[in-house]
Amino acid sequence: MKKNILVVDDSALMRRVICDIINSDDTFQVTDVCRDGLEAYEKLKVNRYDGVILDVNMPRMGGLELLERLQKERIKTNVIMVSTMTTRDADVTILAMERGAVDFVTKPTNIIEAKGDAFRKEILGILNAVLKTERISLTERRPAVAAVSAVQKRNASAETRFKNKIVALACSTGGPKALQSVIPYLPANLDAPMVLVQHMPAGFTNSMANRLDEISKIHVKEAENGEILKKGTVYIAPGGKHMEVKKCPDGSHKIVYNDMPPIGGLKPCANITYDSLRTCGYDQVVCVVLTGMGADGTNGILELSKVKPIYTIAQDAKTCVVYGMPKAIAETGLVNEVVPLTEVANSITKNVGVN
């Protein structure tokens, strides 16, 4: 049975392009279109849709205002924002995640791009990831649980054996929204720096960092090339740049941009960040994997575990928008804790401590 999608955009041309893209996939069908948020609100009050493609800037009622109204009236649906790469739209898109949108796609700047393969793949990829329901049988769970127990025994004294730590967090689809339930709950005096890789285009990571910094006790910023890592700070990899951590001669560590091509279409790529930590001077790396499609981070953590003590925290399936990245790392047996999203910050703080 096809998934029903509502498309909301004030541009008739963009509505038609998006509808053609969605209807080209046998999994989905566009059952309604709206020119603005007010029309969409009236539709959403009486109809149920599996997903909503929502523009940011529209007359009468924009995307952010619609989300606020849906949130207030507890009307639940899977909303994916379509946002241009302007600073203003990036800021609004990050606020939209805070108000319930699960992810976003970047709006093309012209009709040629809109009808191109990249935009089509982005829309269908996110729809498939967000609306796909994965059923995990008990037999599939058991090997991972057994492996986790073994790792937990091996690292039972992790908190007392390792004093100099770094946190490395990776997330993708659903990540901007999930981070709102993690970063603001970390203490200002977290006894470690955190490097964070969220799959996101250039322009959006700075808006996300600024917004998280506003609502968090811990300092959050977009990582700058060459800056020295400090405890109590979260460094977000810039969109369009891979981020590495390099040890300095004086024992400190710095951020280094890596401008190699995208890895599997990803830039930044979490595997590159985890790989760079193989030669770091930290005693232990606390690896955190949140919601996201695919398996980015898993290979990097696997390789890292061969040369460095690690402690791995994964988000559980129930609270993930997409149970892809956390599932991939859990299946390796390297996960020490599988926790709901609301417990991730507590797990990080418990294992890192405060100063």
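The structure is a predicted model, in which local features need pLDDT of at least 70 and side-chain atom pairs count only at pLDDT 80 or more, while totals for chains, interfaces and linings use all residues. Residues are numbered from 1 along each chain as its sequence is written, and side-chain values use heavy atoms, with hydrogens and water left out. Helices (H or I, at least four residues) and strands (E, at least two) are DSSP runs numbered from the N terminus.

**Hairpin**
- Strands S10 (residues 242-247) and S11 (residues 253-258) run antiparallel and are joined by six bridges, where pairing requires that DSSP find at least two bridges between two strands.
- Lys247 has His253 in S11 as its bridge partner, and among the five residues between the strands of this hairpin, Gly251 takes a positive phi near 95 degrees.

**Helix pair**
- Helix H2 (residues 37-46) packs against helix H3 (residues 63-72) at an angle of about 25 degrees, with their axes 9 Å apart.
- In H2, Gly37, Leu38, Ala40, Tyr41 and Leu44 meet Leu66, Arg69 and Leu70 of H3, contact being heavy atoms within 4.5 Å.

**Enclosed helix**
- Helix H14 (residues 344-352) is largely enclosed by the rest of the structure, because seven of its nine residues are buried, meaning under 20% relative accessible area with a 1.4 Å probe, protein chains only.
- The buried residues of H14 include Val344, Ile348 and Val352, and the helix is followed by Gly353, whose phi is positive, near 85 degrees.

Technical notes
Axes fitted to C-alpha atoms, helices over the stretch in contact; angles between N-to-C directions. Buried < 20%, exposed > 50% of the residue type's maximum accessible area, 1.4 Å probe, protein only.
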